[in-house]
Amino acid sequence: MGISGLLLDVAGATYNERSQQRIWALASRLRSSESPLSVEEVVPGVNNLLVVFDPLAIHPEAVRAHLLEAWHTSQPDEEIGREISIPVTYGGDVGEDLPSLAESAGLSVAQYVQRHSDALYTVTSLGAMPGFCYMAGLPGELAAPRRSVPRQRLAAGAVVVGGALAGVMPCTAPSGWHALGHTELALFDVNRSTPCLLAPGDRVRFVPKGIVTAASYTSRIY
């Protein structure tokens, strides 16, 4: 990753939670004051880990050798974070992709919402923008390639899916993810003591408040 970064990539064809737990453990180990390797930044991803270092202070091969050794001796960090519920109004103007995604999956809108909200998601990592979380746990039949033409503007609070992952937009921004609905919960607030609502290891459940249909009425499904 350039002259000052190495990517430890253990990703396979599908997400592996055990590998992710080892990634978190290794990231914590590299950040600790006891680590023999002085690095500038450690960024966990989805089954991968980016390590940024000063190539004038340490040779990349030394970093590579240490990373491989540390990976093979790392133990999974099985400590589960908080479980957080995110209330969602599915469909509507902010969830305009819901009908087409349901049709592509061979499901009714109500069935799609049920399967999306029945799943338990794991926050694997944060990135792309402040507070954006990559969540594993999306049922396989709901996975969909990202949009070929990204939207120039997707509203903050949009509940989205992209590939095999789920997420929530922390701010209004361009996005190629598909929009299913909207939440009023703020994923990022600079005025909070901890600006990011979610952290790696947290578990997330999406709780349906209702479905806004094309006929513009809300069907309550509490």
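Mentor: Buried means under 20% relative accessible area, exposed over 50%, and partly exposed in between, with a 1.4 Å probe and protein chains only. The model is predicted, so local features need pLDDT of at least 70 and side-chain atom pairs count only at pLDDT 80 or more, whereas totals for chains, interfaces and linings use all residues. Residues are numbered from 1 along each chain as its sequence is written, and side-chain values use heavy atoms, with hydrogens and water left out.

Trainee: What pLDDT does the chain average?

Mentor: pLDDT is the predictor's confidence in each residue, from 0 to 100. A score of at least 70 is reached by 95% of the residues, but over residues 215-222 the pLDDT is below 50. The chain average is 91.

Trainee: Is His116 buried or exposed?

Mentor: His116 is located in helix H4 (residues 109-118). Contact means heavy atoms within 4.5 Å; leaving aside residues up to four places away in sequence, His116 touches Tyr90, Tyr121, Leu138, Leu142, Val159, Val161, Leu180 and Phe206. Under the same exclusion of residues up to four places away in sequence, the partners of Phe206 include His116, Tyr90 and Tyr121. Because its relative accessibility is 0%, His116 counts as buried.

Trainee: How far apart are the end C-alpha atoms of helix H1?

Mentor: The expected span of a helix is 1.5 Å times one less than its number of residues. Helix H1 (residues 17-31) has 15 residues, so it should span 21 Å. The model agrees with this expectation, for the end C-alpha atoms are apart by 21 Å.

Trainee: Which residue places a side-chain oxygen within 2.9 Å of the backbone nitrogen of Arg18?

Mentor: The buried residues of H1 include Ile23, Trp24, Leu26 and Leu30, and what covers the buried residues of H1 includes strand S1 (5-9) and helix H2 (60-73). The side-chain oxygen in question is found at the start of H1 and belongs to Asn16.

Trainee: How many disulfides does a search of the whole structure find?

Mentor: A disulfide is a pair of cysteine sulfur atoms within 2.5 Å. Cys133, buried because its relative accessibility is 2%, has its nearest cysteine sulfur, that of Cys196, 6.8 Å away. The sulfur of Cys171 is 11 Å from the closest cysteine sulfur, in Cys196, and is therefore too far for a bond. The number of disulfides found is zero.

Trainee: Is Ala128 buried or exposed?

Mentor: Most residues other than glycine have a negative phi. Asn47, in the loop between S2 and S3, has a positive phi of about 60 degrees and is buried, with a relative accessible area of 1%. Ala128, in the loop between S5 and S6, has a positive phi of about 70 degrees. Because its relative accessible area is 68%, Ala128 is exposed.

Definitions and conventions
Helices (H or I, at least four residues) and strands (E, at least two) are DSSP runs, numbered from the N terminus. A polar contact is a pair of N or O atoms within 3.5 Å; within protein, one must be able to donate a hydrogen and the other to accept it, and residues adjacent in sequence count only if both atoms are side-chain atoms.
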